[in-house]
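Start with one pair, then move along the chain to another.

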Amino acid sequence: MSTSERRPAARIDDAAEDDQPPTDPPPTARGSWWRKLHILDWIALGLLLIGCLCVLSGALPVADARASIVRLVPLLLFLGSVIILAELTAAAEVFDVIATRLSIIGRGRYPLLFLLCVTLASITTIALNLDTTAVLLTPVILALAAALNISPLPLAMTTVWLSNTASLLLPVSNLTNLLAADRVALSPSQFAGQMWAPQLASIIVTAACLWIWYWRRGRRGGQLRYELPQRRVPADRPLFVVAAAACLVFVIGILVGVPIGIASSISAGVLLIAFLVRNRSRLGLRLIPWRLLVFVIGLFLVIDTLGKHGLGDLIQSVVGADDGALGAARAAGAGAGLSNLVNNLPAYVAGEAIIPPDNHLQLLALLIGTNVGPVITPWASLATLLWYERCHAAGVRVPLGRFMWTGAILAVTALAASVGVLLVAG
């Protein structure tokens, strides 16, 4: 479905129009490579450069930088392989087929379509991680909106909100979860046992906010029903089956205790071989998520440096050291607030560094704050940045003011519900 066939989209703030990258010069022109970089590429490269300068200047000791990189290696392996797995799964049309079939199951009824979209976004985030939802499910959902001739705004907001608030259940759902599970020494099944109730509460609150502000009849343009699309059949059924099986094996693997980097690498490797045999044109260096990997490395180096120069003391004064209800509430609030000021990944890393090792309840509350809370500002999480990029490329504009005030209400209510359930369950 071409962009020109989509309905006119809601618009974002006028300033957002200015971040369109310049027109690429001819391939032979000097400096053409850097002209092709997106603003998010520059952010990632800038963070890495700043992080390297911190090490070279002595602001971050080499030993500390080395320790951070060593800790990151299995996480980077997972991130790289799971994004490749997700990209090839999308190329095999797994997400498209699921989305179309869900819309047919919806029978033209908006409430049922709403529940199906919430379920799809939640499952994708939980099983494959929030960045996968932002990068791959967003264009699928937008294409679905165009196919159904409905407003893309409700579906786009469903994707971005649930890519954050549905990322609590499994270690693979969010990079912060991987760090927290390692810190408290929980297996994937044990981690899910701790977080299933807060995750359910977060999804329920998110669904309620989505319906009130984006999906109910007055917000979606007054339409009573939507037209059913044609049933979609994958162009290459063997690839479709292999991709679906690879995702299933990946999820089962992490649930039974296979190291996440190994599980994602094996699943991605199997799918790479399938594409090598069936559709080699979809393979290439573009599959490697270099921007995400560079962003994570640079971010860790910068936050480690700030932690050496006063950031930890500031957060310590806000979070405290109480592992009870008050300490959990303070940790969750600080995590959410700092996430929306900078980004949820450095917010978690900085908070984790000052929470006492035995304060598991307080650490999990911090995790909830940095997962559920970053829905107010567009830069609060990498998933939201990636979602914005995909929406911008598709010509979909979201009013920034509405995005922020509805996100603020969601952050407060979902955070209160999730942390409350954590305290009761704990």
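**Helix packing, pair by pair**

Helix α4 (residues 94-105) and helix α6 (residues 130-148) pack with their axes 10 Å apart, at an angle of about 45°. That angle makes α4 oblique to α6. The crossing of α4 and α6 is right-handed. On the α4 side, the contact is made by Phe 95, Asp 96, Ala 99 and Ser 103. On the α6 side, Thr 132, Leu 136, Val 140, Leu 144 and Leu 148 take part. Sorted by type, the residues of this contact are six nonpolar, two polar and one charged. The model is a predicted one.

What explains the spacing of such contact residues? An α-helix has 3.6 residues a turn, so residues three or four places apart point the same way.

Next comes helix α5 (residues 110-128). Helix α5 has 19 residues. From its first C-alpha to its last, α5 reaches 26 Å, close to the 27 Å expected at 1.5 Å a residue. How many of the 19 residues of α5 are buried? The count is 14, so α5 is largely enclosed by the rest of the structure. Asn 129 follows α5, and its phi is positive, near 110°.

Now turn to the second pair. The axes of helix α16 (residues 360-372) and helix α18 (residues 400-425) come within 10 Å and cross at roughly 155°. Because angles over 145 degrees count as roughly antiparallel, α16 is roughly antiparallel to α18. This crossing of α16 and α18 is also described by its hand, which is right-handed.

Which residues meet where α16 and α18 come together? From α16 come Leu 361, Leu 364, Ala 365, Ile 368, Gly 369 and Val 372. From α18 come Ala 414, Leu 415, Ser 418, Val 419, Leu 422 and Leu 423. The residues of this contact divide into 10 nonpolar, two polar and no charged.

One more residue of α16 deserves a look. Thr 370 lies in helix α16. Is Thr 370 buried or exposed? Thr 370 is buried, because its relative accessible area is 0%, and buried means under 20%. Leaving out residues up to four places away in sequence, Thr 370 touches Thr 176, Gly 335, Ala 336, Ser 339, Asn 344, Ala 347 and Tyr 348.

Key. Residues numbered from 1 in each chain as written. Predicted model: local features only at pLDDT ≥ 70, side-chain atom pairs only at ≥ 80, totals over all residues. Heavy atoms only, no water. Axes fitted to C-alpha atoms, helices over the stretch in contact; angles between N-to-C directions. Helix = DSSP H or I, 4+ residues; strand = E, 2+ residues; numbered from the N terminus. Parallel < 35°, antiparallel > 145°, perpendicular 65-115°, else oblique. Left-handed = near helix turned anticlockwise from the far one by under 90°. Contact = heavy atoms within 4.5 Å. Nonpolar A, V, L, I, M, F, W, Y, C, P; charged D, E, K, R; others polar. Buried < 20%, exposed > 50% of the residue type's maximum accessible area, 1.4 Å probe, protein only. Expected span 1.5 Å × (residues − 1).
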